[in-house]
Structure formats: C-alpha cells, structure tokens
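I opened this entry to record what I looked up about surface, fold and ring contacts. The notes follow in the order I took them.

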Amino acid sequence: MQNVAGQLYFDKAYQKNIDLKLKDPLCAAMLFDAAVNMGAGSVNRFKAPVAGQTEGDWISENANLFTRPERKAGWKKIVAENFA
C-alpha cells in the first residue's frame, strides 16, 4: 500500500490501536481499514471502549462510523462470525 500524500495509514491506525489499548487483532484491522478507506485522520473518530464493552461490541458499534455501506456490513459480518 502506498501512502498517498503522507497519510501514513498504518502508522496512524497502529498508534490509535495502542492508544485505545485494544488487544484483538481485528480491532487493529478495523482501524487500518478506516484509515485506508476514509483517510488516516478518520481513526480519531474511534473512541476507547466503555466499561464492560467487549472488543467485539466495540467493533460492532464502530462499524457505524464507516461511510460506505459495504464496509459497515462487512464489519458487522466479521463480528457475527468471530464474536458470536
């Protein structure tokens, strides 16, 4: 993946994953997907999980931040298949 105009997709997504203290690799994948598909700055829209929220719940809730319907649906499917 080429960094367009210095977006640094991976770096920003990885740092946000660390900042949010997320452990499941699918959370990091979601942040990277958001960075690539909505711009690296979009990762700032993702907030830390609230008390009692599982990482699967976090992914499901944050899928709504995606602007493209197929991205929302894809992440909801990933949750259903991996966090059932």
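I looked up the accessible surface of the protein chain first: about 5100 Å², with 55% of it belonging to carbon and sulfur atoms (Shrake-Rupley method, 1.4 Å probe). The model is predicted, so I kept to its limits: local features need pLDDT of at least 70, side-chain atom pairs count only at pLDDT 80 or more, and totals for chains, interfaces and linings use all residues. Residues are numbered from 1 along each chain as its sequence is written, and side-chain values use heavy atoms, without hydrogens and water.

Next, burial. Of the 84 residues in the protein chain, 32% are buried (under 20% relative accessible area, 1.4 Å probe, protein chains only).

For the fold I noted four helices and zero strands (DSSP runs: H or I of at least four residues for helices, E of at least two for strands). The radius of gyration is 12 Å, close to the 12 Å from the globule rule for 84 residues, so the protein chain is as compact as a globular protein of that length (C-alpha atoms; the rule is 2.2 Å times the number of residues to the power 0.38).

Then I searched the rings and found four aromatic pairs in the whole structure (centres within 6.5 Å; planes under 30 degrees apart are stacked, over 60 edge-to-face, the rest tilted). Phe-46 and Trp-58 make a tilted pair, 5.9 Å centre to centre with 40° between the planes. Phe-46 sits in the loop between α2 (25–38) and α3 (55–62), and Trp-58 in helix α3, 12 residues apart. Both are buried.

Phe-46 also pairs with Phe-66: the centres are 6.4 Å apart and the planes at 70°, so this pair is edge-to-face. Phe-66 is buried too. Last, I noted that ring pairs link Phe-10, Tyr-14 and Phe-32 into a cluster.

Notes. Buried means under 20% relative accessible area, exposed over 50%, partly exposed in between (1.4 Å probe, protein chains only). Rings of Phe, Tyr and Trp (its six-membered ring) pair if their centres lie within 6.5 Å; planes under 30 degrees apart count as stacked, over 60 as edge-to-face and the rest as tilted.
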